[in-house]
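Please keep the sequence and the structure in view while reading.

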Amino acid sequence: MGGAATIERGSLTIRGASIVAVGSATEVDVNGARRVIDAEGRVVMPGFVNCHTHIASNMLLRGLLEDVQLFEWLGTMWKLKRNFDPETLYWASLMGLVEMVKSGMTCFNEHFDAYAVTPQTEALKKMPLRATLGYGFADRGVYADVKDWAWKALDSFGDKVDAYHRSGNDRVHVALSPHAPYSCGPEMFRRVREVADAYGLVIHTHLSEGPQEIAYVAETYGTRPVQWLNDLGFLKPDVTAAHCTQLDDADIRILAETGTKIAHCPCCNAKLDSGTLRLRSVREAGITVGLATDGPASHNSLDMFQEMKFAGMIHKDKNHDVEFLKTRELLEMSTCEAAKAMNRPETGTLTPGQKADVIILDLDKPHCLPVYDVAAALVYSARADDVVTTICDGRILMENREVAGIDEAEIRARFRERALALRDRSL
């Protein structure tokens, strides 16, 4: 990825947490290696980077409510979120991490809307993926219940930074995640900006997600979401804005001028009828765009293969141009471009000096063969269960579809039990 050529028969060397060499199969002496993985006939590529998602909370909401408008959907989901408890969130977090490992995701950008972050930090000790954990903040609408917590957390955020930021060999970062323009007022967005600047943290928010948000901001502030946040001095290169399906030309100019990055979630946007990102226009403006799944509540799976395939199809259709968004570009949007979009440039390519976040895929499957073109097979034919090995930070987390160091059956059972109990006491 990142513009480098594909090596047909190659070798990749990892030392510690980093990639130290990439070359042809004949260039590397493996005699000194502690471990050799024979990937003959398989595909070795960077792990997928999911630059916008909600793991713990959304695992508990998957398939709960379908076929409704965004604001109505959010209102029902909040009934469950109000009843979250740490133990339930722990097992939900762990279940989500297992799903990502098994689908080849090695890095993700968490937007916490569960308002209880500690369970996921504990789950990441068990399943050590690369993650940016965005603490969610809100003070109005259906989220008004967390107003006091949000302000207290913002005012004491240095404690969170000291406890978690750049922990786990620099795998786990802390971020600030004001929920959205319809759930956070101007004072909260200004305070988030102050805290981010004070501690050098990135920001992760929802922006211009759908028609209801556009209408709310127009009625409440007399402007548009992107222009409103820009007037507050909020938008900068450290901001990842999720969705952005409702951009006009002025919005695009602002995002380009401020260096704001976009996490593009085409599957959930289509499912919730939120609209489609003007991808050609934002790319032509020089805006960084990465692919993301959003959470399992609105997408129903953590599967970047689905996201790549649907992105390719919907944008060819919307632009009436089958040559738009080629397979290589889709692969880069799900790896190195997604890493840039969430401000984690240390991953996403197989390059010496980069973090050793690597996946191996077996395309010797009926649904992929005959594999005339590897990129085409990965984007339009492959599935999550074609990932056979997942390596993050130089550590093998899954090999031959077996996830190391966990009892997956126990995790599934405990998660299912907790999720059903949460539903029963909430609805």
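## Helix α3 against helix α4

In α3, the residues P86, L89, Y90, S93, L94 and L97 meet P119, Q120, E122, A123, L124 and K126 in α4, where contact means heavy atoms within 4.5 Å and where helices (H or I, at least four residues) and strands (E, at least two) are DSSP runs numbered from the N terminus. The residues of this contact divide into eight nonpolar, two polar and two charged; Ala, Val, Leu, Ile, Met, Phe, Trp, Tyr, Cys and Pro count as nonpolar, Asp, Glu, Lys and Arg as charged, and the others, Gly among them, as polar. The model is predicted, so that local features need pLDDT of at least 70 and side-chain atom pairs count only at pLDDT 80 or more, while totals for chains, interfaces and linings use all residues. Residues are numbered from 1 along each chain as its sequence is written, and side-chain values use heavy atoms, with hydrogens and water left out.

Two packed helices are described by the angle between their axes and the distance between the axes. The axes of α3 and α4 (residues 118-126) come within 8 Å and cross at roughly 40°, the axes being lines fitted to C-alpha atoms, for helices over the stretch in contact, with angles from 0 to 180 degrees between N-to-C directions. The two helices are therefore oblique to each other, given that angles under 35 degrees count as roughly parallel, over 145 as roughly antiparallel, 65 to 115 as roughly perpendicular and the rest as oblique. Their crossing is right-handed; a crossing is left-handed if the near helix is turned anticlockwise from the far one by less than a right angle, and right-handed if clockwise.

S93, which is found in α3 (residues 86-103), counts as buried because its relative accessibility is 0% (buried means under 20% relative accessible area, exposed over 50%, partly exposed in between, with a 1.4 Å probe and protein chains only). Apart from neighbours within four places in sequence, S93 is in contact with I55, A56, P119, Q120 and A123.

## Helix α3 against helix α18

With α18 (residues 408-426), α3 packs at an angle of about 130°, and the axes are 9 Å apart, which makes α3 oblique to α18. Here the crossing is left-handed. On the α3 side the contact involves E87, T88, W91, A92, L94, M95, V98 and K102, which meet E408, E410, I411, R412, R414, F415, R418 and R425 in α18. The residues of this contact divide into seven nonpolar, one polar and eight charged.

## The two sides of helix α6

In α6 (residues 157-164), F157, G158 and V161 are buried. Seen down the helix axis, these buried residues fall within an arc of 105°, so they line one face of α6, the arc being that of the directions from the helix axis to the C-beta atoms. They pack against β6 (130-137), α5 (147-155), β7 (172-178) and α8 (186-199), whereas D159 and D162 on the other side of α6 are exposed.

## Backbone features

Most residues other than glycine have a negative phi, and most peptide bonds are trans. C244, in the loop between β9 (239-243) and α11 (249-258), has a positive phi of about 55° and is buried, with a relative accessible area of 1%. H320, in the loop between α14 and α15 (327-333), also has a positive phi, near 50°, but counts as exposed at 74% relative accessibility. A cis peptide bond with omega of about 10° joins L369 and P370, and P370 lies in the loop between β12 (358-361) and α17 (374-380).
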